[in-house]
Amino acid sequence: MEKRFMKGCEALAEAAVRAGVRFFAGYPITPQNEIPEYMSRRLPEVGGVFVQGESEIASVNMVYGAAATGVRAMTSSSGPGISLKCEGISYLAAARIPALIVDVSRGGPGLGSIQPAQSDYLMATKALGHGGHRLMVFAPSTVQEIVDLTYSAHDFAERDRNPVMILIDGCLGAMMESVALPEMREPKPESQSGWTLGRREGETRGAHLISPIYEAGLEGLNRQFGERTARWQKEDVMVEELYLDDAEYVLTAYGMAARVARQVTEDLRREGYKVGLIRPITLFPFPKESFRKLVPGTVKGVIDIEMAIPGQMSEDVAASLPQGIPLYEYGHSGGVLLDDADTKAAVLDIISGNKEARA
Amino acid sequence: MSELYERPKSILPNASSYCPGCLHATATKIIAEVIDELGVKDKAIYVLPVGCSTQGLVSWDLDIIGSAHGRAPAVATGIKRCRPDCLVFCYQGDGDLASIGLAEIMSAANRGENITVIYANNSIFGMTGGQMAPTTLIGQKATTAVTGRQLLGTGYPLKMCELIKELDAPRLVVRCSLRTPAGIKKARASILKGFKNQLEGKGFSFIELLTNCPTTWHTDALGSLDFMEKYTEKYFECRTFTDKEERFGE
Ligand SMILES: Cc1ncc(C[n+]2csc(CCOP(=O)(O)OP(=O)(O)O)c2C)c(N)n1
Ligand code: SF4
Ligand SMILES: [Mg+2]
């Protein structure tokens, strides 16, 4: 396997190309500009298409059209742009078009800050647009994991005929690490030809209709989506668990924050504290079981660590925790990065009973 | 018995749900006839807007994709870039194209996308019940301008051909009226030209069709044609604004 030293955003773009992505449309916004910049150079080399859209709205709709021809297509942005893409994402879901949406998050709300933050968890997992559809949301925490999850993202998207999201933050996107790159996969638009637009030369078939409108049958579609979500919850959850067998305090974090949480977990372990870690890799479906199985009494508390104030994932953690296990929050937001030493001190403070649990 | 007048091949034998006298139906028919004439039914991809013409979902026998309100030119861009061998066209109303979709149409036109856009301007939001559109004439009544559109606060009716003709990339910019048989003939020839431009790789073609909306104009079919003659065509001049032969980018 080819090894390279790459930035998170560029590694993501290269992994997408190797996964067979041949269409990218996007609009500049910090901190994800390296993705469109990389794609503008790289896609023409492999016969793909790069378009700089006039807005995020146009870009996601270009992806809507491109992906409807069976080509693997993607777009990327950051919070303010993802807000604009939400309309298109809802239409992708309704029209059952697979696509990859990447959010390299920054501080919010509003124009917020271009500095890294995990401020888009709620938007990503609860409502990427109107209508109640859901996307699988993947949250890598290393550059290698960015590569691996991007490489398989379209397999999920095409299996479900639904958009998928990869959510990282600006820090992970800018971070350089050594990565092993997977082999180039040749795109197979014809694998989707049962529903896509555009007959090939000599192809005889009835007309295909791709529609985001359901005069009748919408309830059926909603039901189908509900069943699919239940299936994801059963079969597709990805999570990393550390030291849960004897942990008295369990840290939980995703993405960039999980790197700090892991460091703190290892440090405290070495000092004799019985701490563990739950790191959700799929934010949706959320690894509810990892929390449900914690035993009250044995586990004295769960500590949610996020680059968001108030914590956003902590809402899902709270909903999954058995009665009797208090949930604590620690974090920074608005571009203030988490620091190993401060985070460790905060965790120790909680363990010593100096902090109140989340209401 | 021999058949003298046939249903175009790309139209399904379903009842049209357009209101009586609605010129969306006429537009549908001439587009379908042009597709027959060019023999391109099997490679046509139709991008539908949001508006009354969304009803086309049940009347066309073509590969179709429904788009979000105003976004059809962006959707068509994505399709055409991936399938340059197909004939990709949008049909959009004036609310769709000249209001919410202004950025998408202007940018696609400016990029010289090799697509064809057919723009049905009935100077009203038909589907939502007759609200004022950017194209509503001064003095024309709408449900959000019950005493008629005023200049102050709403400005002048937006002339899309006149805007798009200022761009260098478009190959064909033309406005026709579907009010008369002669206008319909001209519209048909313009659509043919717009499709040919695309098939020959020339780039962006824009065909505006002046249409009506008897229902929200609160008149009947003939009354709506009178209105078009007296007012619509006086403001929206029917002519060819741009007709360039060379391929874009060469
Ligand atoms: C984002 C969004 N806003 C508003 C609407 C509601 N809407 C549906 S059709 C329409 C206007 C259609 O007018 P026009 O494009 O002129 O088409 P017509 O019906 O007159 O042919 C509007 C505003 C919508 N579907 N989506
Ligand atoms: S409401 Fe107007 S535009 Fe819509 S179908 Fe009826 S007449 Fe035609
Ligand atoms: Mg209209």
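Predicted model: local features only at pLDDT ≥ 70, side-chain atom pairs only at ≥ 80, totals over all residues.
User: How far apart are the C-alpha atoms of A:Met39 and A:Ala13?

Analyst: A:Ala13 is one of the contacts of A:Met39. Along the chain the two are 26 residues apart, yet the separation of their C-alpha atoms is 6.5 Å.

User: Is A:Met39 buried or exposed?

Analyst: The cut-off for buried is under 20% relative accessible area. A:Met39 has 0% relative accessibility, so it counts as buried.

User: And A:Ser77, is that one buried or exposed?

Analyst: A:Ser77 is found in strand β4 of chain A, residues 72-77. Setting aside residues up to four places away in sequence, A:Ser77 touches several others, including A:Ile29, A:Glu56, A:Lys85 and A:Asp103. Its relative accessibility is 0%, so A:Ser77 counts as buried.

User: Which helix gives the most to the lining of the largest pocket?

Analyst: That pocket has a volume of about 720 Å³, and 33 residues line it. Two helices of chain A, α4 (79-95) and α8 (218-235), each supply at least two lining residues. With eight residues, the one that gives the most is α8(A).

User: How many residues in the lining of the largest pocket are charged?

Analyst: Nearest the pocket's centre lie A:Ala94, A:Pro212, A:Ile213, A:Tyr214 and A:Leu218. Sorted by class, the lining has 16 nonpolar and 14 polar residues, and the charged ones number three.

User: What area is buried between chain A and chain B?

Analyst: The contact takes 33 residues from chain A and 29 residues from chain B. Carbon and sulfur atoms give 60% of the buried area, which is about 2,400 Å².

User: Which residues in chain A lose the most area to chain B?

Analyst: Together, they make up 24% of what the chain A side buries. The names to look for are A:Glu54, A:Leu197 and A:Arg199.

User: How many residues of the shell around ligand 2 are nonpolar?

Analyst: Ligand 2 is surrounded by residues of chain B, among them B:Tyr18, B:Cys19, B:His24, B:Asn122 and B:Pro214. The shell has no charged residues and three polar ones, while the nonpolar count is six.

How values were computed. Residues numbered from 1 in each chain as written. Chains lettered and ligands numbered in written order. Heavy atoms only, no water. Near = heavy atom within 4 Å. Nonpolar A, V, L, I, M, F, W, Y, C, P; charged D, E, K, R; others polar. Buried < 20%, exposed > 50% of the residue type's maximum accessible area, 1.4 Å probe, protein only. Contact = heavy atoms within 4.5 Å. 1 Å grid on protein atoms, 1.4 Å probe; cavity = no way out; pocket = protein on both sides within 12 Å on 5 of 7 lines; lining within 4 Å. Points joined across faces, edges and corners; volume = space filled by probe spheres on them. Helix = DSSP H or I, 4+ residues; strand = E, 2+ residues; numbered from the N terminus. Buried area = accessible area lost by both parts, 1.4 Å probe.
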